[in-house]
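The sequence and structure are shown first.

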Amino acid sequence: MIVKGIMKRNKKGQIGESIQDLVGLVIIAILLILFFVISNAAWGISGQETKDVSTQQYLHDQEHKALEAFMQKQVAVQEQELTMAELIRLSQIDQTYKSVLENEVKNAFDDIYTYNFLIISAKDMANAKGSSYYIAAKEPIIVNLEIKTIK
Amino acid sequence: MNNNRKAGIFALGMIIAMILFMTTAWLAFTTTNKNLDVSFNLAPYLTNYYNEQDRFFLYIDESAKLAASQAFYEIAKDAAIDENKDSCLVYNNYFVLSQGCKPELSSIKTRFLEKYNQSLNNLIQKYPSEKLRISYGNEFDETGMTIRSGADLIKLDSQKKASFALYNFSYSFNPSNSFSLAKLNIVLDDFETIYNKAVNTKSVCNQDVSCIKEKMTSDRWQVDVEKSGQYFLFKLKTKKSFFYQDTTESSEKFAPISFNFAI
């Protein structure tokens, strides 16, 4: 149809104008495509990026929730109920409770995650990965859980 | 030439239309992107704020327990009497309790609250995140068994720079907390009650040590009594262990709290 139209206009000696229109349309189309491609590259959000952000956030939420639940869990020590946060404080006062704590950590997380559970000092906090909770003590105890994968 | 001029005007019109169209599209595109960016960024920021709040409240809860245990220990250590009272005799490191020197609930409550306040605020001042080192005011509620702690709103701010945009995020929460002494099985009436019971029992048992020991049994305290000189020494220990800082040894302990006195 376009060729037929051009041929028709050719007869009227308007081929120059038709070519000009055609070239103009092509330039507009190219500009539009370029505009969207460049804009998307500059400001657009790709699906891959969004997916990565969500996964990281999900893992971070898991770390936080798992650690919070763990800290509030009750455990029997010296014939009385303590929270896990208190057991952690006790393990800092009395080294004999470290093994009790280690067992509790294993029972809580081993089946579900590959993880790092650490008790760190305040100065190491800045480099810590994962989620942290603080336990009141003479010097605050910082507990850190980093979930690497969910089993 | 005439046709060429028309074509030129048409092309110019097209270019102007294109510029207008592209500018509008660009504005719409970037505005949408900015809104999307805010939405995407807001979720992790909000989550971080919520997490910070959870972390803070868990610390406060543990601090309240620790502060209450510490206050309880300090009260019991001085036989629950006002340590500034000069009418109290001391026998072999035991305060000799009498009508002029005995535990009184109202004074115990006042001193407990002072010590709790001091201990709680000390712990909060050690909170690892400086911006959350606030100060609490504490008071007993009408039951006398729960301590209400109030403080100003905590405001968390953060900022994010993005292309052509600067986002300011702000979140505030109320750090108020209440702590029931029943959680730790602490009953402040115990000191006055135990003293009165000791005086009555001594008289009822006609100063017989085993009789006194038998009648002094308690749900919360282990009681030992012995005679020394003209006095009966009452050595009580909580059945439950508490976390406290031993003021004489300056060390942290998890142990029963002692309440010793002589009559």
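Strands pair if DSSP finds at least two bridges between them; strands (E, at least two residues) and helices (H or I, at least four) are DSSP runs, numbered from the N terminus. Opposite B:I147 in β4(B) stands B:F140.

Residues are numbered from 1 along each chain as its sequence is written, and chains are lettered from A and ligands numbered from 1 in the order in which they are written. Because the model is predicted, local features need pLDDT of at least 70 and side-chain atom pairs count only at pLDDT 80 or more, while totals for chains, interfaces and linings use all residues.

## The sheet and its helix

The order β3-β4-β7 (chain B) describes an open sheet of three strands with antiparallel pairing. β3 (137-140) and β7 (177-180) of chain B are at the edges with a single partner strand each, so one side of each has no neighbour in the sheet.

Neighbouring strands of this sheet are turned by 20° against each other on average, direction ignored. Helix α2 (residues 105-124) of chain B packs on the sheet and touches β3 and β4 of chain B; its direction makes about 150° with that of β3(B). Axes are lines fitted to C-alpha atoms, for helices over the stretch in contact, and angles run from 0 to 180 degrees between N-to-C directions.

## Contact between the chains

Chain B has 33 residues in contact with 34 residues of chain A, contact being C-beta atoms, placed from the backbone, within 7 Å. On the side of chain B that touches chain A, α1(B) supplies the largest share, 21 residues.

Key: Contact = placed C-beta atoms within 7 Å.
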